[in-house]
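New notebook page. I have a chain to look through, and I'll jot down what I look up as I go.

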Amino acid sequence: SAAGLYAWLGSYGQPDVPLAQRLAEGEDLRASRPSQAEAEAQAAPFLPPPDEPPAEYAELIERLREVVPTRPDDKEGWRLLARNEAGLGNYAAAARAAEHLVGLVGQEVSAEDLTLLLDLHVAAAGGLVTAQAEDEANWLLRKNPDDRAGRYYLGLLEMQVDRPDNAFALWRPLAESGVDDRFTALARAQIGDAAR
């Protein structure tokens, strides 16, 4: 939420503080982040309610919600449930489905499925990059140092802990790339704030 993000980013108009103090405060912010569950609970009242789907689509979603949990090893079913819940804006439920999917796949999880989980964790937490989401972003970067989702979300975390210098370094390759995807667009939209 905007209010939660504002609390993490600081107060407009406050005087500058010495660099060492800012770095220490940034580390305190990083260390004091709420858990994923806490962040989701804090964000829930500020998130828009899930969309009301058309009747035919609502029936499909209800069927998925009923059937998929009875098939705990059905990877495609859990993936479908996660994507459809996300499409409605029901991010917490979508994140639970994606968590189950990633748990099924284990260490062989694809970058696509882990990016889905990372997206959903951040969305369900109202935009906050929790320690769990940070771990997922780092895992993506360990698999591929150029992973766009990993770079974007770690940059977002750096902004949230008052380290725009680190955010700029993470986002610059995205912003300067010739790739047009949502992570590039997000980085380009925010890199000016990091540069300032």
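Predicted model: local features only at pLDDT ≥ 70, side-chain atom pairs only at ≥ 80, totals over all residues.

**Entry 1: the whole chain**

How many helices and how many strands does the chain have? I counted through the assignment and got 11 helices and zero strands.

Next I looked up the overall dimensions. Along the principal axes, the C-alpha atoms fill a box of roughly 55 × 35 × 30 Å.

I also wanted to know how much of the chain is tucked away. Of the 196 residues, 42% are buried. Then I checked contacts: among those with a separation of 6 or more, 56% join residues 24 or more positions apart.

**Entry 2: α7 against α8**

I picked helix α7 (residues 111–124) and helix α8 (residues 131–143). Their axes are 9 Å apart, and the packing angle is about 155°. Are they roughly parallel or roughly antiparallel? An angle over 145° counts as roughly antiparallel, so that is what I wrote for α7 and α8. The crossing of α7 past α8 is left-handed.

Who makes the contact? On the α7 side I listed Ala-111, Leu-114, Thr-115, Leu-117, Leu-118, His-121 and Val-122. On the α8 side I have Gln-132, Ala-133, Glu-136, Ala-137, Trp-139 and Leu-140. Sorted by class, that contact holds nine nonpolar residues, three polar and one charged.

**Entry 3: Val-102**

Leu-114 and Leu-117 turned up again when I looked at Val-102. Val-102 is in helix α6 (residues 91–105). Is Val-102 buried or exposed? Its relative accessibility is 15%, and the cut-off for buried is under 20%, so Val-102 counts as buried.

Setting aside neighbours within four places in sequence, I found Val-102 in contact with Val-109, Asp-113, Leu-114 and Leu-117. For Leu-117 I noted the spacing too: 15 residues along from Val-102, with 7.9 Å between the C-alpha atoms.

**Entry 4: α9 against α11**

Another helix pair: α9 (residues 148–160) and α11 (residues 182–195). These axes come within 10 Å and cross at roughly 25°. Angles under 35° count as roughly parallel, so α9 and α11 go down as roughly parallel. Here as well I logged a left-handed crossing, α9 past α11.

From α9, I see Arg-148, Ala-149, Tyr-152, Tyr-153, Leu-156 and Met-159 taking part. They meet Arg-182, Phe-183, Thr-184, Leu-186, Ala-187, Gln-190, Asp-193 and Ala-194 of α11. The class tally is nine nonpolar, two polar and three charged.

Which residue has a positive phi although it is not a glycine? I found Asp-162, with phi about 60°. Asp-162 is in the loop between α9 and α10 (164–176). At 24% relative accessibility, I call Asp-162 partly exposed.

Last, I looked at Glu-76 in helix α5 (residues 75–88). Its relative accessibility is 46%, so Glu-76 counts as partly exposed. From Glu-76 to Ala-187 I get 31 Å, C-alpha to C-alpha, with the two 111 residues apart in sequence.

Definitions and conventions
Residues numbered from 1 in each chain as written. Heavy atoms only, no water. Axes fitted to C-alpha atoms, helices over the stretch in contact; angles between N-to-C directions. Helix = DSSP H or I, 4+ residues; strand = E, 2+ residues; numbered from the N terminus. Parallel < 35°, antiparallel > 145°, perpendicular 65-115°, else oblique. Left-handed = near helix turned anticlockwise from the far one by under 90°. Contact = heavy atoms within 4.5 Å. Nonpolar A, V, L, I, M, F, W, Y, C, P; charged D, E, K, R; others polar. Buried < 20%, exposed > 50% of the residue type's maximum accessible area, 1.4 Å probe, protein only.
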